[in-house]
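Good morning, and thank you for coming.

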Amino acid sequence: MNSKFKSVTRLSIVFILAVVISGSILTYFGINNISNLKELTEKRILEEEKELSTRFLLALQLEIEEVTFDFNYEIKPTELLKDSLLKIANNHDFIMLPFILKNNGQFLYPNFGDMIRTLSETSFSNRYRSSFRKGEKTEFAKNDLKTAKKYYLSCLSYSVGCNDSVKALNALGRVSVKLNEDENAISYYNLIISDYCSETNVSGLSYIYYAIPQLFKIANPNNCEQILSLVEFCLEKIEVGTIPLNSGTEELLININRWSEENTFNNPEKLLHINLLENNINQQLIFINEYGNELLELIKKGSPDNQLNVGNGFRVVHTFSGNNQKLLLVNTNFNNPIGFLIDGKKLFSRILKTNLQLGFDFDYIVKFPIENNSNSKGLNLNYASQLNPYFPGQMIQIILKDVNIINEIVKRRSWIYGFSALVLLLAMFLGVALILRDIAREKHLERLKADFISNVTHELKTPLTSIYMFAESLLLGRVKSGADRKEYLSVILREIERLKRMINNILEFSKIEKGNSQFRLVNSNLASIIVATIHDMNYWFEKEQFNVVIELDENIEAEVEPEKIKQALGNLLSNAIKYSTHTKKIIIRLFKKEKHIYIEVEDHGIGIEEDQLSKIFEEYYRVDQVESISGTGLGLTVVNEIIEAHNGSILVSSKKGEGSKFSIILNQ
Ligand code: ADP
């Protein structure tokens, strides 16, 4: 009983704790979150947006610094310098173009050739000059192409330098085209392109500008692949600056483009490469066009103080031409000023690919509007600022990815709050119900204990009165015959035994309560234990004139403590006697069934109501009897505990007014 009570009390404490904890959680959520949640979330979003903008700017700075720190001061010859700048540009996809200038502002790379060359015809030999003139005369005035070709061939033999050779080759190529000598023409132009591509005429124009349009004239399906390769070679040379750009380059590119579109080729990769080269060359042209004058001005003026230094001698030059998404990194500390054109768009998208939003609670979208179109009227969760000092005029705008998230958070928290409140309420109700039940139980137990004391007193008094009466009669010599005296003494003995059984029950119960009850199991013959118990009870059976039927399987043995089994069986028999008021018949059985041993005590007494059956094993519990039969309410409790200690169980079946059957079931 005690232990059961303790667990109930523990349960109550757990529930009360649950009430307190869920109450605290609810209060915490209630106070801290719900009321201020919207405000706090908005604040957090704005903080994160600002932080994201700062992180972006920092990343921008780092990327730009990385470009400048990749540059090595020591590299001196222009060719090497160009290579090193191109290498840096290749490593940073946002560099559109590196550039090298002369200190007079002219471009070294991209190489833009001034067309005014001072190459004079005096550099050619007299024989060469006269032959060439004759060749031109017969070619253009007389239209005698074959003779003209002979003159040009003799020029070739009179050539002393590259200039005269390439000039003669060019004329030979031209005449061959006119003569429809395709193969000859290709071989002359091939020579010009492969050996003399950087040679220029008196106007400073590379001969490839003549060669390529001529080649297109004689192109046919048999030779167009060969011509495509020559075009590719020329474009490569233009791109790297070996052949300078000039005002005719754009037209040349248009020609190439048109020709390549009109013809079909087997090699798509080559065509792609040619497209790429064209794009790059175009970009160089655009760059020179857009920034040439500005850079010239810059070099003339020197370095103004307001330009941003970004390390390693480089400065950020905000260009007035172009849009806000480009900047120039310029270093004028050398004889040859150098620099890079940076594409802001590519730089931004590169930075956006890095993990800028790490550790943020929310997701954001970063935009780069040209104009400041952030409407800052009323509540606005979008952060906008300028990308100063790198891209002034360029806005960075940060927008919350999911605008509904604040409402969702508030809703979610409200649900948690509501749910916790419900749990708290339920826990409170349950806790109160449990406490009330505990109290009711405590009261009930108190009453049962009070009843128990009066019952025990009564139970003790009855046998003691009998013992006293019979002992007194014997003492005063009122009993004369020997047989009567024997009868009196046997009554005294039985009453003492009854007392003993009752006291044993109380002692056993007390031990059970304290957890001291110990059992020493020995292999025993159950029939002999039952017979001994019946023998002890014989006096009462006879006194009450009971018809006792005994059906025992005498061979059943089990691991039991005989005294305890006797006590349990004694209690059952004593109850059968007590609660059989009319039909006095008791059947005692011992048998085996499916690995179990059954000890049954069946009576035809007053029986028990069905709803009472589960309660009769509870401590101190007694059914309110119509006939007032005395008892303590401990007998069946002790039986139950003893049988459970033997790993057995006890069953009862009963019908009010018909009798009861108690079955002790032991494992074999
Ligand atoms: P008690 O000392 O009152 O007999 P028990 O624990 O032995 O205490 O029994 C509990 C209650 O069970 C009894 O008060 C009685 O109402 C009921 N009971 C026990 N055995 C019988 C039985 N053989 N026939 C009818 N009722 C019984």
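Let us begin with asparagine 180, which counts as exposed because its relative accessibility is 61%, the cut-off for exposed being over 50%. Please bear in mind that this is a predicted model. Where does asparagine 180 lie? Its place is the loop between helix H5, residues 162-178, and helix H6, residues 182-195. The backbone deserves attention here: phi of asparagine 180 is near 60 degrees, a positive value in a residue other than glycine. Most residues other than glycine have a negative phi.

Glutamate 594 sits in the loop between strand E13, residues 585-593, and strand E14, residues 596-603. With a relative accessible area of 68%, glutamate 594 is exposed.

I turn now to peptide bonds. Most peptide bonds are trans. Which form does the bond from tyrosine 109 to proline 110 take? That bond is cis, with omega near -5 degrees. Proline 110 belongs to the loop between strand E2, 107-109, and helix H3, 126-141. A cis peptide bond also joins asparagine 388 and proline 389, where omega is about 0 degrees. Proline 389 is found in the loop that runs between strand E8, 383-387, and strand E9, 391-400.

Helix H4, residues 145-158, packs with H5 at an angle of about 160 degrees, and their axes are 9 Å apart. That angle makes H4 roughly antiparallel to H5, since angles over 145 degrees are counted in that way. The crossing of H4 and H5 is left-handed. On the H4 side, the residues that meet H5 include Leu145, Tyr152 and Leu156; on the H5 side, they include Ala168, Leu172 and Val175. By class, this contact of H4 with H5 comprises ten nonpolar, two polar and three charged residues.

A second pair is helix H12, residues 405-475, and helix H13, residues 482-514; their axes come within 9 Å and cross at roughly 160 degrees. H12 and H13 are therefore roughly antiparallel to each other. Here too the crossing is left-handed. The contact of H12 with H13 has 17 nonpolar, three polar and four charged residues.

What is the angle between helix H8, residues 224-239, and helix H10, residues 268-301? Their axes cross at roughly 30 degrees and come within 9 Å. H8 and H10 are therefore roughly parallel to each other, because angles under 35 degrees fall into that group. Their crossing is left-handed. Among the residues making the contact are Leu235 and Ile238 of H8, together with Ile281 and Gln284 of H10. Sorted by class, the contact of H8 with H10 has seven nonpolar, four polar and five charged residues.

Leu235 and Ile238 are among the residues that touch the most other members of the largest nonpolar core, which has 65 residues. Ile208, Phe287, Leu295 and Leu328 belong to that group as well. Which element gives the most to this core? H10 does, with ten residues. As for isoleucine 238, if we set aside neighbours within four places in sequence, its contacts include Ile208, Tyr209, Leu252, Ile281 and Gln284. Apart from this core lies another, of 58 residues, among them Ala558, Val601, Leu636 and Ile643.

Aspartate 536 is in helix H14, residues 526-543, and at 29% relative accessibility it counts as partly exposed. Leaving aside neighbours within four places in sequence, aspartate 536 is in contact with Arg494, Glu497 and Lys566. Aspartate 536 and arginine 498 are 38 residues apart in sequence and 10.0 Å apart in space, C-alpha to C-alpha.

Valine 20 lies in helix H1, residues 2-69. This residue is partly exposed, with a relative accessible area of 49%. How far apart in space are valine 20 and isoleucine 599? From C-alpha to C-alpha they are 52 Å apart, and in sequence they are 579 residues apart.

That concludes my presentation, and I thank you for your attention.

Technical notes
Residues numbered from 1 in each chain as written. Predicted model: local features only at pLDDT ≥ 70, side-chain atom pairs only at ≥ 80, totals over all residues. Heavy atoms only, no water. Axes fitted to C-alpha atoms, helices over the stretch in contact; angles between N-to-C directions. Helix = DSSP H or I, 4+ residues; strand = E, 2+ residues; numbered from the N terminus. Parallel < 35°, antiparallel > 145°, perpendicular 65-115°, else oblique. Left-handed = near helix turned anticlockwise from the far one by under 90°. Contact = heavy atoms within 4.5 Å. Nonpolar A, V, L, I, M, F, W, Y, C, P; charged D, E, K, R; others polar. Core = buried A, V, L, I, M, F, W, Y, C linked by side-chain atoms within 4.5 Å. Buried < 20%, exposed > 50% of the residue type's maximum accessible area, 1.4 Å probe, protein only.
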